[in-house]
Amino acid sequence: MLELNGVSARYGSVPAIANVSIRIGAGEAVGLLGANGAGKSTTLRAISGLVGLSAGSISFDGIDVAALPPHRRPELGIAHVPEGRQVFPEMSVQENLEIGAYVPKAKAERARTMELVYEIFPRLAERRRQLAGTMSGGEQQMLAVGRGLMLKPRLLMLDEPSLGLAPVMTDVTFEKIGEIHRMGTAILLVEQNVSRALSLVSRAYVLESGNVIMHGSSAELAGNKQVQTAYLGI
Ligand code: ATP
């Protein structure tokens with residue numbers, strides 16, 4: 001479904017990722033792992049068009065994604081939930097969700113999708129009139145994911161959804177991501193919590209200094225000495 005071939009991206013003169021090739025099949029859950037600054041967020045930004053490519057290509061169902069401006073990419077079914085729960089703090093939970101359905105196809109089904117989001121996240125339904133900025137960190141993270149789902153995406157890209165959450169909220173967040181995946185949505189998960197990520201995804205890529213240095217099934221990576229020492233604290 002999604003294919004990155006030899007993708008490189010830079011911020012001004014600073015190279016961030018180089019020659020990254022990854023592939024995600026329909027309905028698959030794939031992880032993108034690596035230390036701080038390895039290029040995980042940049043890879044997601046390259047897919048959603050927030051950073052341009054200096055080399056390589058990206059295709060989604062055979063469509064040349066890189067040729068489309070960023071605002072057209074969600075129409076393909078690609079949703080990006082960036083790091084740091086960027087919800088609109090002065091708007092209610094419901095208004096934040098409504099804004100999520102901004103492409104015509106999703107807009108037409110907005111009410112039905114919102115009911116589904118409320119089913120997955122009952123806490124958001126309880127708080128639908130509350131201002132997003134007054135929600136807890138975990139609730140805002142749920143809202144950010146819920147807003148991504150309002151696009152009815154075929155691929156949901158999540159950037160560090162557990163960042164800054166208490167362990168119990170991390171559990172809930174991962175449980176919900178699993179639920180969304182089982183409903184048929186492909187997931188591209190960026191996570192520093194490598195053991196949690198590997199329990200959710202079936203395959204993962206490991207980035208180091210902007211390069212993919214390893215790729216394998218979750219079981220292979222969890223059993224790999226280098227991964228164990230660098231990321232699993234074993
Ligand atoms: P983290 O886990 O810390 O979020 P990451 O793996 O997501 O890290 P990126 O945010 O993709 O890493 O960063 C990759 C490289 O690009 C880093 O060297 C970083 O300093 C640099 N970089 C990221 N954003 C910018 C920016 N806006 N301007 C300049 N350099 C940037």
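This is a predicted model: local features need pLDDT of at least 70, side-chain atom pairs count only at pLDDT 80 or more; totals for chains, interfaces and linings use all residues.
Let me start with Ala 9, whose bridge partner in strand 2 is Ile 17. Strand 1, residues 2-11, and strand 2, residues 14-24, run antiparallel and are joined by seven bridges, where two strands count as paired if DSSP finds at least two bridges between them. Together they form a hairpin with two residues between the strands, and Gly 12, in the turn, has a positive phi of about 60°. The strands and helices I mention are DSSP runs, numbered from the N terminus, with at least two residues (E) for a strand and at least four (H or I) for a helix.

Residues are numbered from 1 along each chain as its sequence is written, and side-chain values use heavy atoms, with hydrogens and water left out.

Turning to the ligand, 14 residues surround it, and the closest are Gly 37, Gly 39, Lys 40, Ser 41 and Thr 42, a residue being counted if one of its heavy atoms lies within 4 Å. Helix 1, residues 40-48, gives the most to this shell, with four residues. An oxygen atom of the ligand is 2.7 Å from a polar backbone atom of Gly 37, and a ligand oxygen is also 2.8 Å from an N or O atom in the side chain of Lys 40. Taken alone, the ligand exposes 630 Å², of which the protein buries 63%, with areas from the Shrake-Rupley method and a 1.4 Å probe.

Which residues of helix 4 are buried? In helix 4, residues 110-120, they are Thr 113, Met 114, Val 117, Tyr 118 and Ile 120, where buried means under 20% relative accessible area and exposed over 50%, computed with a 1.4 Å probe on protein chains only. They lie on the same side of helix 4 because they cover an arc of only 160° around the axis, taken from the directions from the helix axis to the C-beta atoms. The face turned away from that buried side carries the exposed residues Ala 111, Arg 112 and Glu 119.

The buried residues of helix 4 pack against several helices, among them helix 6 (137-149), with contact meaning heavy atoms within 4.5 Å. Glu 139 is placed in helix 6, and it counts as buried because its relative accessibility is 5%.

Key: A polar contact is a pair of N or O atoms within 3.5 Å; within protein, one must be able to donate a hydrogen and the other to accept it, and residues adjacent in sequence count only if both atoms are side-chain atoms.
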